[in-house]
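Here is a short report on one protein model. Keep the sequence and the 3D view open as you read.

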Amino acid sequence: EVSEMSESSKQNVAHGLAWSYYVGYLKIVLPRVKKSMEEFCSANPNLLVCRKTWKLHILIPLSCDVYDDLEKADSNIQYLTDLSETTMARAGTKKRVYKHSLYAIRDGENQLWHCAVEYATPLQSLYAMSQDECAAFSREERLEQAKLFYRTLEEILQGSKDCAGTYRLIAYEEPGEVETHFLSGEILWHLRQQHLEEFAVHEGTPPPSPSTALDSAELNLQISASDLPLPLRSDGF
């Protein structure tokens, strides 16, 4: 009976996707991220000067709108290179390759900020389900599931010792009106925060608190603690 209730309300979809994403991907690649960053920085010492940014930055758009090409999503995001690959046998596939792409993010002053960034790929499944009649997945349910996916993934990663300090979740709600450089702005906000955190450690002073940006902690507070989270705003997506 409990299983039927969970299935009918689709509570198990985002929860399962978050665990699958962690066990089948993040748990494998995140512990190797800093080593890849160190190898890259040895050859390119002037690009990733802030060690706080030596992480995989994971984009979580609540709309589940995922671009396969980040450069097409925002012209201020430029592909730079790939970090070193991790190769291993996985589920019958010999020499399966895992790798991350490094990007240069251009700010309003034409300065370049560098980081490894990619979308959380399970969001593509949530979006596809909302477009498929067989799944009977409405836009409102997709929004709820996106928030539940984020909250579940955050809880999983916070409890993982192997992944500590290797990731940064960038969850965001896209504006109603089109903003050409909204995505690069979101990434830059997180990069600047990490630079401030590293500077504060060296100086012994806490970084200033953000005033307007929607960061991970703020988003988490806006999500209902119940099994079915409430939408962030009344008009939905």
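## The largest pocket

This is a predicted model. Its largest pocket holds about 480 Å³ of space. The lining is made of 21 residues, and those closest to the centre of the pocket are Tyr-25, Lys-99, Glu-118, Tyr-119 and Thr-121.

Which elements build the lining of the largest pocket? Helix H2 (11-29) and the strands S4 (93-98), S5 (101-106) and S6 (112-119) each supply at least two residues. H2 gives the most, with four residues. Sorted by class, the lining has ten nonpolar, six polar and five charged residues.

## Aromatic rings

The structure holds six aromatic pairs. Take Tyr-21 and Tyr-25: their ring centres are 5.8 Å apart and their planes meet at 20 degrees, so this pair is stacked. The cut-off for stacked is under 30 degrees. Tyr-21 and Tyr-25 are four residues apart in helix H2, so about one helical turn separates them.

Are Tyr-21 and Tyr-25 buried or exposed? Buried means under 20% relative accessible area. Tyr-21 is at 4%, so it counts as buried. Tyr-25 has a relative accessible area of 18%, so it is buried too.

Tyr-21 also pairs with Phe-149: the ring centres are 6.1 Å apart and the planes are at 40 degrees, so this pair is tilted. The pair links distant parts of the chain, because Tyr-21 is in helix H2 and Phe-149 is in helix H6, 128 residues apart. Both Tyr-21 and Phe-149 are buried. Ring pairs join Tyr-21, Tyr-25, Tyr-98 and Phe-149 into a cluster.

## Helix H6

Helix H6 covers residues 139-158.

H6 is mostly covered, with 14 of its 20 residues buried. Glu-155 lies in this helix. Its relative accessible area is 51%, and exposed means over 50%, so Glu-155 is exposed. Glu-155 also shows how the fold brings parts of the chain together in space: Glu-155 and Ala-18 are 137 residues apart in sequence, yet their C-alpha atoms are 9.9 Å apart.

## The cavity

How many cavities of 30 Å³ or more does a search of the whole structure find? The search finds one. The largest cavity holds about 50 Å³ of space.

Val-29, Arg-32, Val-33, Ser-36, Ser-84, Thr-86, Tyr-98 and His-100 line the largest cavity. By class, this lining has three nonpolar residues, four polar and one charged.

## Cysteines

The structure holds zero disulfides. Where do Cys-50 and Cys-115 stand, buried or exposed? Cys-50 is at 5% relative accessibility, so it counts as buried. Cys-115 is at 0%, so it counts as buried as well.

Conventions. Residues are numbered from 1 along each chain as its sequence is written. This is a predicted model: local features need pLDDT of at least 70, side-chain atom pairs count only at pLDDT 80 or more; totals for chains, interfaces and linings use all residues. Side-chain values use heavy atoms; hydrogens and water are left out. On a 1 Å grid over the protein atoms alone, a cavity is a set of points where a 1.4 Å probe fits but cannot get out, and a pocket is an open set with protein on both sides within 12 Å along at least five of seven lines; lining residues have an atom within 4 Å of a point. Grid points are joined across faces, edges and corners, and a volume is the space filled by probe spheres set on the points. Ala, Val, Leu, Ile, Met, Phe, Trp, Tyr, Cys and Pro count as nonpolar, Asp, Glu, Lys and Arg as charged, and the others, Gly among them, as polar. Buried means under 20% relative accessible area, exposed over 50%, partly exposed in between (1.4 Å probe, protein chains only). Rings of Phe, Tyr and Trp (its six-membered ring) pair if their centres lie within 6.5 Å; planes under 30 degrees apart count as stacked, over 60 as edge-to-face and the rest as tilted. A disulfide is a pair of cysteine sulfur atoms within 2.5 Å.
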